[in-house]
Amino acid sequence: MGDKPITMVSDEKAKEPTTLDEEEDIEALAEPPDWLPDGWIMEAYRTEDGTIIRYYTSPISNYTFTTKSEVLEYLFSGTDERMLESKERGAENTLQRQHEWLPKGWVMEIRAGGEKTDKMYKFYVHSITGVRLLSKQDVLLYINEAKVSGCDTNGQCDTTSEDNILAKVDIRPSGLPEGWVNEIVYRKTKEGLTRRDPYYTDPASSYTFRTLKSALSFLETGKVSRHAVIQRTSVHDLYSFEISAEMHESLRNRLIVNEKPYQEPTRSSRSRRASKIEQDQNIDDSKDGDISSGSDSPNESE
C-alpha cells in the first residue's frame, strides 16, 4: 500500500475498552507501532477512569481490532487480499462497468415478457421508494429532477405482479466488497407460491455462494463451502443486456413449477459433492465454463 499508518488521538470515552497501562500518556500514542501495516488506522482513547485503549482498522475491509494478536491473525487470514482482488476484478466485469452510473440502493429487476414469454426485460428499482424505471436516462432524470418516467414496454411486459419476475440483482450488496453481486432468484412452486433464493458471486474466484454467511466465511478464511459452485453462465453475462433481450434458457426454467420436493442429500452424495468442490478449486479459469450453474441448481441450503 505504501502509505504510513494513520493515528488518531482522542479523550473520548470508548466502548468495551481493552485495559492497558493506565499511566501511559496519551500523547505518546501518536506514533503507531512498528508492526502495524502501512495504511492502517490507529485510534487511541483515554476513558474517564484514565484507561488507555487502542483500535486498529483495516483500510480495505474497515474491520476493527483492539489487540496486536487480533490484527496479526487477521493479516495471516488473507482477508484483505481477497477483498482487494474482488474489488479489482469487479471493476473489470461487464455488469459493474455497464452500471457505474447506478447509485447504491438501486437493484435490477429481471422480468419475463413478450407475446410468447420468450423475452426478458430489465427494470431499475429503488429499494426504498419502490420506484421502477426502464432505462439509464429515466433513472438519472429521477435522481436529478425527481421526475418519474413511465415503464413503457408497449404491453410486452407486465409489472403489476410478481408472477413474471425472474430475478433481482444488486451489484453493490451491503456487507460485501465492491465487485460482488447478490442475485435473488425467483422460482415457482407446485403450491402456487414463489421461492426467493439468494446467491452471492465473487468476481475474483467466480464462486457463487448460497448464503451471505458462507460468502463472508470465504472472504475471512478462504474456505469454499460445499454448496458453492462456479456458474456455467455468469450473472455478468446473463444481465448485461439493456431493456430487453431473448430469454436465456437457464432463466426460462425458473418459470416452470418444480414438482419434485427437495430431498436431503445422502451421506454418499455429500461425500461426492465435497470431493467435487475440492476438484473445482484446482480448475483453471479457462475451464470455468464447463462447471454447472449455481443459479440453476436444485433447491439447496448451506
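This is a predicted model: local features need pLDDT of at least 70, side-chain atom pairs count only at pLDDT 80 or more; totals for chains, interfaces and linings use all residues.

With which side chain does the side chain of D80 make a polar contact of 2.4 Å? The partner is the side chain of Y74.

**Overall make-up**
- The protein contains eight helices and 13 strands.
- Of its 302 residues, 43% are buried.
- The accessible surface amounts to about 16,800 Å², and carbon and sulfur atoms account for 48% of this area.
- Taking contacts between residues at least 6 apart in sequence, 56% link residues at least 24 apart.

- D80 lies in helix α2, which covers residues 79–92.
- This residue, D80, is buried but has no salt bridge.
- Besides the contact with Y74, the side chain of D80 has a polar contact of 2.9 Å with the side chain of S58.
- Beyond its neighbours within four places in sequence, D80 is in contact with W40, S58, I60, S61 and Y74.

**Helix α5**
- Helix α5 spans residues 212–221, and its residues S214, A215, F218 and L219 are buried.
- Viewed down the axis of α5, the buried residues lie within an arc of 140 degrees, so they line one face of the helix.
- After α5 comes G222, which has a positive phi, near 80 degrees.

Definitions and conventions:
Residues are numbered from 1 along each chain as its sequence is written. Side-chain values use heavy atoms; hydrogens and water are left out. Buried means under 20% relative accessible area, exposed over 50%, partly exposed in between (1.4 Å probe, protein chains only). Helices (H or I, at least four residues) and strands (E, at least two) are DSSP runs, numbered from the N terminus. The arc is that of the directions from the helix axis to the C-beta atoms. Lys and Arg count as positive and Asp and Glu as negative; His and the chain ends are not counted. A salt bridge is a side-chain nitrogen of Lys or Arg within 4 Å of a carboxyl oxygen of Asp or Glu. A polar contact is a pair of N or O atoms within 3.5 Å; within protein, one must be able to donate a hydrogen and the other to accept it, and residues adjacent in sequence count only if both atoms are side-chain atoms. Contact means heavy atoms within 4.5 Å. Accessible areas come from the Shrake-Rupley method with a 1.4 Å probe; for residues, only the protein chains shown count as cover.
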